[in-house]
Amino acid sequence: MNKAINQDIYNLLYSLHITYNIDLYLLLNTYMPNIIFKNKKKITLQKSNNQCKARCWGGKKFVKYNPLTKKWTYGFQCKRNTIKNKQYCLTHYKLSLRTHKLPHGDFNSKVPHIHYNKYKQKIEKQFNIKN
């Protein structure tokens with residue numbers, strides 16, 4: 001059953017990729033869950049806890065506002081797995097050791113620069129969002 005559900009989700013994501021020209025790799029890494037069946041009535045979806053904690057840019061389409069939680073999302077979380085005993089993938093780990101650190105910071109912390117503000121202001125103006 002697990003394999004059948006995963007195949008159905010993959011087929012859905014693939015059709016979105018073909019229809020709307022969305023990057024298949026991005027869709028799969030964002031929406032493809034790890035499904036574990038604990039019993040016949042309960043299905044648990046789990047995200048990998050070894051995902052890199054770095055924020056990636058991804059373009060203006062990744063600046064989003066959630067009106068329910070009133071929170072902004074800037075960029076997306078790196079999709080790669082971490083290296084052993086670290087919180088980053090190899091690429092972001094090497095960047096974190098440099099003097100300039102990670103260019104876009106950690107995904108769950110404050111953005112370290114104002115690069116995203118121009119896109120945030122456009123969304124605020126378009127939807128009349130007041131902070």
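Tutor: Gladly. Keep in mind that the model is predicted. Let us begin with Leu24, which sits in helix α2.

Student: Why is Leu24 called buried?

Tutor: The cut-off for buried is under 20% relative accessible area. Leu24 comes out at 16%, so the residue counts as buried.

Student: What is Leu24 in contact with, once its neighbours within four places in sequence are left aside?

Tutor: Leu24 is in contact with Tyr10, Leu13, Tyr14 and His17. Take Tyr10: Leu24 and Tyr10 are 14 residues apart in sequence, and their C-alpha atoms are 9.7 Å apart in space.

Student: How far apart can two residues be and still be in contact?

Tutor: Contact refers to heavy atoms within 4.5 Å.

Student: What is the overall layout of the protein chain?

Tutor: Along the sequence, the pattern is α-α-β-β-β-β-β-β-α-α, made of four helices and six strands. The protein chain has 131 residues, and 28% of them are buried. Of the contacts between residues at least 6 apart in sequence, 49% join residues at least 24 apart.

Student: Now the rings. Why is the pair of Tyr65 and Trp72 called tilted?

Tutor: Two ring centres must lie within 6.5 Å to pair, and planes under 30 degrees apart would count as stacked, over 60 as edge-to-face. For Tyr65 and Trp72 the centres are 4.8 Å apart and the planes stand at 45°, so the rings pair and the pair is tilted. The structure holds six aromatic pairs.

Student: How do you know that Tyr74 and Tyr116 are an aromatic pair, and of which kind?

Tutor: By the same test. Their centres are 5.3 Å apart and their planes are at 45°, which makes the pair tilted. This pair links distant parts of the chain, with Tyr74 in strand β5 and Tyr116 in the loop between α3 and α4, 42 residues apart. Tyr74 and Tyr116 are both buried.

Student: What makes Trp72 buried?

Tutor: Its relative accessible area is 16%. The cut-off is under 20%, so Trp72 is buried.

Student: Which residues do the ring pairs link into a cluster?

Tutor: The cluster contains Trp57, Tyr65, Trp72, Tyr74, Tyr116 and Tyr119.

Student: What makes up the largest nonpolar core?

Tutor: It has 10 residues: Leu26, Cys52, Ala54, Cys56, Phe62, Phe76, Cys78, Tyr88, Cys89 and Leu102. Apart from this core lies another, of nine residues, among them Trp72, Val111, Tyr119 and Ile123.

Student: What does Cys78 touch, not counting residues up to four places away in sequence?

Tutor: Cys78 touches Gln51, Cys52, Ala54, Cys56, Cys89 and His92. His92 is in helix α3, and its contacts, counted in that way, are Cys52, Ala54, Cys56, Cys78, Arg80 and Leu102.

Student: What makes the phi of Lys70 worth a look?

Tutor: Most residues other than glycine have a negative phi. Lys70 is not a glycine, and its phi is positive at about 55°. Lys70 lies in the loop between β4 and β5. Asn128, in the segment after α4, also has a positive phi, near 55°.

Student: Are Lys70 and Asn128 buried or exposed?

Tutor: Exposed requires over 50% relative accessible area. Lys70 has 62%, so it is exposed. Asn128 has 57%, so Asn128 is exposed.

Student: Last, which residues lie nearest the centre of the largest pocket?

Tutor: Those are Thr30, Tyr31, Phe62, Lys64 and Phe76, out of 20 lining residues. The pocket holds about 380 Å³ of space, and α2 gives the most to its lining, with four residues. By class, the lining has eight nonpolar, seven polar and five charged residues.

Conventions:
Residues numbered from 1 in each chain as written. Predicted model: local features only at pLDDT ≥ 70, side-chain atom pairs only at ≥ 80, totals over all residues. Heavy atoms only, no water. 1 Å grid on protein atoms, 1.4 Å probe; cavity = no way out; pocket = protein on both sides within 12 Å on 5 of 7 lines; lining within 4 Å. Points joined across faces, edges and corners; volume = space filled by probe spheres on them. Helix = DSSP H or I, 4+ residues; strand = E, 2+ residues; numbered from the N terminus. Nonpolar A, V, L, I, M, F, W, Y, C, P; charged D, E, K, R; others polar. Buried < 20%, exposed > 50% of the residue type's maximum accessible area, 1.4 Å probe, protein only. Core = buried A, V, L, I, M, F, W, Y, C linked by side-chain atoms within 4.5 Å.
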